[in-house]
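Please keep the structure in view while reading.

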Amino acid sequence: MKYTKDKKFIGAMFDEISPTYDRLNHLLSGYQDNRWRKSAVKHLASMGSYENVLDLACGSGDLGLEFTKLSPKKLYSADLSFEMLKIDREKLPQSINIPVKAEAERLPFASGMFDLCGIGFGVRNFEWLSICAAEINRVLKPGGRFLTIEMFKPEKPNIVNRGFRLYFEKVLPKIGNRLSRSKYAYNYLFESVDNFLPVSEYSRLLEQNGFKVTKIRNNFIGIVHTVFAEKI
Ligand SMILES: C[S@@+](CC[C@H](N)C(=O)[O-])C[C@H]1O[C@@H](n2cnc3c(N)ncnc32)[C@H](O)[C@@H]1O
């Protein structure tokens, strides 16, 4: 299959793998994914309070679940995939959570509505990244925070990330596709990272779209990073 970021394709692919998404995420990250989300949200908690929060590309809602610890009044969970949103809806407290089917390129929210927007393992799937960054900037209040946790392309190949790339390209898709009963989703995972930006270029793109990057945390061998930014 040819690599594409077409939104119809992406939405259908995440619909397909939604039943096994959480389990495989934990397994294939060596049970580290929730640790990365938790430590990011802990850092955000130390920096302020947040009334209106957006979990964009929320998937099955694991980042949103961490955001509930910030005691927001309203938490909006937005995603392309209806099946992922159904899981998010079951996982999060209905009293504050508002699931919305939406594209990151065209957010159905008023300007300056959010104190915080977070994206866990979502940005590398976005078809039009600069447009998404500008949209996120638009819906944040001035000074609003923007959190990204993502798998980035390594800045420079070295022996460690080359070894990981081999595993990621050749071994992980076989396990992931088999356990998720998908033909391609875990090949797509490899290709989406391989075709994405290094974290330095991503930070530059944020700064070109009205953000100041305040902290970058390297979680795993220069591939998984957490990027903290704020709207200028
Ligand atoms: C790898 S999952 C991440 C889910 C979750 N945030 C997490 O931390 O595990 C990526 C999600 O991004 C969504 N997505 C991809 N492109 C999108 C877009 N352009 N707009 C909104 N959601 C998108 C997919 O449907 C999928 O649910």
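The sections below cover the ligand, a pocket, a cavity and the salt bridges.

## The model

The structure is a predicted model. Residue numbers start from 1 along each chain.

## Around the ligand

Which residues come nearest to the ligand? The shell around the ligand holds 21 residues, and the nearest of them are Tyr 21, Ala 57, Asp 79, Ala 104 and Gly 120. Polar atoms of Ala 57, Asp 79 and Gly 120 can be described one by one. In Ala 57, a polar backbone atom is 2.8 Å from a nitrogen atom of the ligand. In Gly 120, a polar backbone atom is likewise 2.8 Å from a ligand nitrogen. Asp 79 uses its side chain: a polar atom there lies 2.6 Å from an oxygen atom of the ligand. On its own the ligand has 600 Å² of accessible area, and the protein covers 98% of this.

Helix 1 gives the most, with three residues. Sorted by class, the shell has 11 nonpolar residues, five polar ones and five charged ones.

## The second largest pocket

How much space lies in the second largest pocket? The volume is about 220 Å³. This pocket is lined by 13 residues, and those closest to its centre are Lys 153, Pro 154, Asn 161, Arg 165 and Asp 194.

Helix 7 (159-180) and helix 8 (185-194) are the elements that give two or more residues to this lining. The largest share comes from helix 7, with five residues. By class, the lining of the second largest pocket is made of seven nonpolar residues, one polar residue and five charged residues.

## The cavity

The structure holds one cavity of 30 Å³ or more. The volume of the largest cavity is about 30 Å³. Its lining consists of Leu 44, Met 47, Arg 145, Phe 146, Leu 147, Thr 214, Phe 228, Ala 229 and Glu 230.

Which strands supply at least two residues each to the lining of the largest cavity? They are strand 5 (140-151) and strand 7 (224-231). Of the lining residues, six are nonpolar, one is polar and two are charged.

## Salt bridges

The count of salt bridges comes to 18. One of them joins Lys 73 and Glu 51, whose closest N and O atoms are 3.5 Å apart.

Where in the chain are these two residues? Lys 73 is in the loop between helix 4 (62-67) and strand 2 (74-79). Glu 51 is in the loop between helix 3 (33-45) and strand 1 (52-56). The two residues are 22 residues apart, and the pair links distant parts of the chain.

Conventions. Predicted model: local features only at pLDDT ≥ 70, side-chain atom pairs only at ≥ 80, totals over all residues. Heavy atoms only, no water. Near = heavy atom within 4 Å. Polar contact = N/O pair within 3.5 Å; in protein donor to acceptor, adjacent residues only side chain to side chain. Areas by Shrake-Rupley, 256 points an atom, 1.4 Å probe, with all protein chains shown as cover. Helix = DSSP H or I, 4+ residues; strand = E, 2+ residues; numbered from the N terminus. Nonpolar A, V, L, I, M, F, W, Y, C, P; charged D, E, K, R; others polar. 1 Å grid on protein atoms, 1.4 Å probe; cavity = no way out; pocket = protein on both sides within 12 Å on 5 of 7 lines; lining within 4 Å. Points joined across faces, edges and corners; volume = space filled by probe spheres on them. Salt bridge = Lys/Arg side-chain N within 4 Å of Asp/Glu carboxyl O.
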